[in-house]
Amino acid sequence: MLRRSTFLILVAVLALLVGTGVLSFLRVPVLGLDLQGGAEVTLEAQPEKGQEVTEEQMNQAVQILRNRVDALGVSEPQIQKEQGNRISIAVAGEDDPSRVFALVGSTGQLYFIDLQEGLTQGVSRSFVAGAGIAPKISLYELLTAVPKELREGDQSLLYAFKKGATDEPLNEFGAVDEDQLLLQLGEQSIPADVEVFGVPKDTIAVRCSNQSPAGCPPNITPVPSTAGERFFWYLFDLPPPDQRLTGDDLDSARSDFDPQTGQPVVLMDFTDRGAELFGSITKQLAERGRSGWSAAGALQGTEAGFFQNFAIILDGELQTYPTIDFVQNPNGIEGGSAQITGLDSPGEANDIALVLQSGSLPVRFVALSSSQVSATLGEESLRQGLIAGLAGLLLMMIYLVVFYRFLGLVADLALIIFAALFYGVILAIPVTMTLPGIAGMILTIGVAADANIVVFERVREEYRSGKTLRAAISAGYSRGFRTILDANAVTLITAGVLFVAAQSTVKGFAFLLALGVIVSMFTSVFATRAILSVLSGFKWFDNPRVIGATTKPVRWRFDFAGRKRLWFGIAALTMVVCAAAIGFRGLNLGLDFTGGTRMGIVTEKPATVEEVRGVLTGVDGDLRTAVVRGEGQQTGSTFTSFQVDAKEIPAGEIQTIAQQVNQEYGLAQEIDVRTVSASFGSEILRGALLALAFSLLLIIIFMAVRFDWKYSVPMVVALLHDLVLAAGVYAISGREVTSASIAALLTILGYSLYDTIIVFDRVRENERALKRHTYDQIVNISLWETVTRSLNTSLSTLVPILALFIFGGETLQDFAFALIVGIASGAYSSFFIASPLLSVLKSREPEYRGRRGSDELPAFILGKEAAAVQRVPVAAGAVASGGAADPDAELEVEAADLEAPVAPAEPAPKTPDGAAPAAPPAAPSAGGPDDNAIEAARQRREQRRGKKRR
């Protein structure tokens, strides 16, 4: 008969599986943009100096951005607030990501300013009346032209320039104060080769593109889009707040076509206040134009030469500067309507109208990072991720069957249940699947297998020591659960720190890793136990061969603790080599930390690296320093796939590059683009280091509470060894360090401790059982008992990770490489660093300092048939001759002797020299002594001791 609890667990598992099946028909997984293509951008609010961003402003900004993105008609855009006054926007499946960047990057700050009188005197127009407009060819030239009295006043935005290279500022979006500027530069102080200039308060720096259909004032005509884009800069004085006409004064905006020219326009209707201000401004322009015409002689036919302009400025860009015809509108434009002309396309008109209609953002936002993934690359990444996951699961199942025989089949069934339930949880939440998330899912395959391995090894130990199969399963689970809990708790700690401290892509990895750990604990502790409880009722299952208990329990009896100096010397030498590699070669920090733009270009026609560089340089001369690498299949010196790493490239230039490459060589797919600001990169690096330090602190606290502070010290030393070793391998190999690598290195914190916890858990248990052994001997015995289990947990984790490394794409391989290094070094450090170091610390305690040692081994190691007589030296420097036997082991032997059937005595055969050989061990009953027999033996021993005392 099944126990009630077992029956309920099986019913619950079956119900969950059925629920997963139903859910899989009703829902499909939500794929992130890196799996189906699209665009993603991270914005950060930058308030004016002395102000702070409020929660209300952030909520308002999210709603405005959602309205803009929803108007694109894309499906299920993800817009959410993040820590640090940030908003992340992911639009999957969008065919024109540059349009998304333009919409969400626009703050919607709209100004209507008198062009001729609004330009700052002495900067963009002369102090001499009528001397005309003086555009500057760069922002640097504009800001250096600011008069001294304005430079010394308050500044609204600060820009940093490299001395001698003043074409572009080092901080594209400007900084509201010096602290923000240093953050953008990633510096502690302003470097000596950097100079800083500001935009004076109550002024605005405006740029105009030479490709704008309206041209640029005073008489710069537009050039074709195939020509190189140049910008001209102007400084405007903002009117007083009560006279300032902005986008807040708009009632509505819509795109249309001019009935006379057929060109796209944006029609605007003002509010009552806006209509009054607009009428007043245009009336002043009309009067000034007529006055100038009259002063010049009022010649008929020359009126157009005296028309005045008002500038329409949107987000620091001069959109157009229409004229006011004082002949047709002598009193200005009344009625509260206006239009923006000179637009390039209906699409541009639609987007401007959309931004104006949705309203201006309540605070200034700048783009910290952006990425554009083609649908083709997304599909390929999804295919690679699925192959890696299925291959990892299949290899793991084969490995478990080979090593654990029928128990391996049970574990495979548990893995299938785990995979199904995990998929069901992902659908139920639902979780957006990304490439890092797939890596987290594959990693949890190893977690789920590890939990089963820990329990199975413990069950086999209990079975070998003489318990019945049902009792061994019960004891194995009760004792193995503590180890599983400790090991997985550390993994959950690191996953939690990653989720809180990391950026959005790594958050998906951390969330799915934690979710997988929780699901794996359910399947291994409850589902697998219920299955084994059912099987234990069958006689054929109660067989050492079926559960793999016929193999020798301990294969290696190595003096780990006795050779501390050798292991510590090897570790020290390794650390010196790794530190030297990091110091001299350095780490190859990727785009995530250095900032810049990375483009993936796939062409239809082959090209050389220099030819692609020539296209880039033709668009922007500064791109001659870009790193261009040919990838994939090479034909001679030509490639069809290229990776470009460069400074931050504006979205407009990326579009021009795409057009030029398409004209020359043809684009096989959209260019994949990822841009990260330098300030964001430095922040990611600082966040990773803080996450590392915080994880170490939490782990120390956890281990001190669960074990003892002396246990936590070796663990931290082993962790630091593993992390330095991993960093050294990266430095020696020159492999790029990305945010994915940092996530994997932080995950190593958990996995490096997994083996250590397995060993230390047994050491703690043997401290209570081995009362006469030295601490070196306790550590050695514990290592002998757990070496097979530790190797299997490491190998079971490496199997799916190797599948990830072989079959996964670039991002997945970044995770896999770091994990392979970490898991391999973690297995080594557990045995050769953490355990010997624990022995050094604990051996000095008074309880262990005076022990002479013992040559007794636990019954599990000797096997229940040899435990009665066999003696094996435990080594580790202790003199064990004459040592007393372990009391618990002797009780099991005594109980086995009492339960053994009495066999008729047989004459012992003579050896060649005539001596009788040593007596063979007594054969205990097939099931071995049970707990009742051991307790009876203990009571009889106490009675005998009492008689001797009397």
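Colleague: Where does the charged end of Arg207 sit?
Modeller: Over the ring of Phe231, 3.9 Å from the ring centre; that label needs CZ of Arg or NZ of Lys within 6 Å of the centre and within 35 degrees of the ring normal. This is a predicted model, where local features need pLDDT of at least 70, side-chain atom pairs count only at pLDDT 80 or more, and totals for chains, interfaces and linings use all residues. Residues are numbered from 1 along each chain as its sequence is written, and side-chain values use heavy atoms, with hydrogens and water left out.

Colleague: And which ring does Arg735 lie over?
Modeller: Phe817, at 4.7 Å from the ring centre.

Colleague: Switching to aromatics. How many aromatic pairs are there?
Modeller: The structure has 26, counting Phe, Tyr and Trp (six-membered ring) with centres within 6.5 Å; planes under 30 degrees apart are stacked, over 60 edge-to-face, the rest tilted. One of them, Phe538 with Trp540, is tilted, at 6.1 Å between centres and 35° between planes.

Colleague: Why is the Trp567 and Phe832 pair called edge-to-face?
Modeller: Because their planes are at 65°, with the centres 4.7 Å apart.

Colleague: What does that pair tie together?
Modeller: Parts 265 residues apart in sequence, since Trp567 lies in helix 16 (residues 564-584) and Phe832 in helix 24 (residues 810-843). Helices are DSSP runs of H or I, at least four residues, numbered from the N terminus.

Colleague: Are those two buried or exposed?
Modeller: Trp567 and Phe832 are both buried, meaning under 20% relative accessible area, where exposed is over 50% and partly exposed in between (1.4 Å probe, protein chains only).

Conventions
Helix = DSSP H or I, 4+ residues; strand = E, 2+ residues; numbered from the N terminus.
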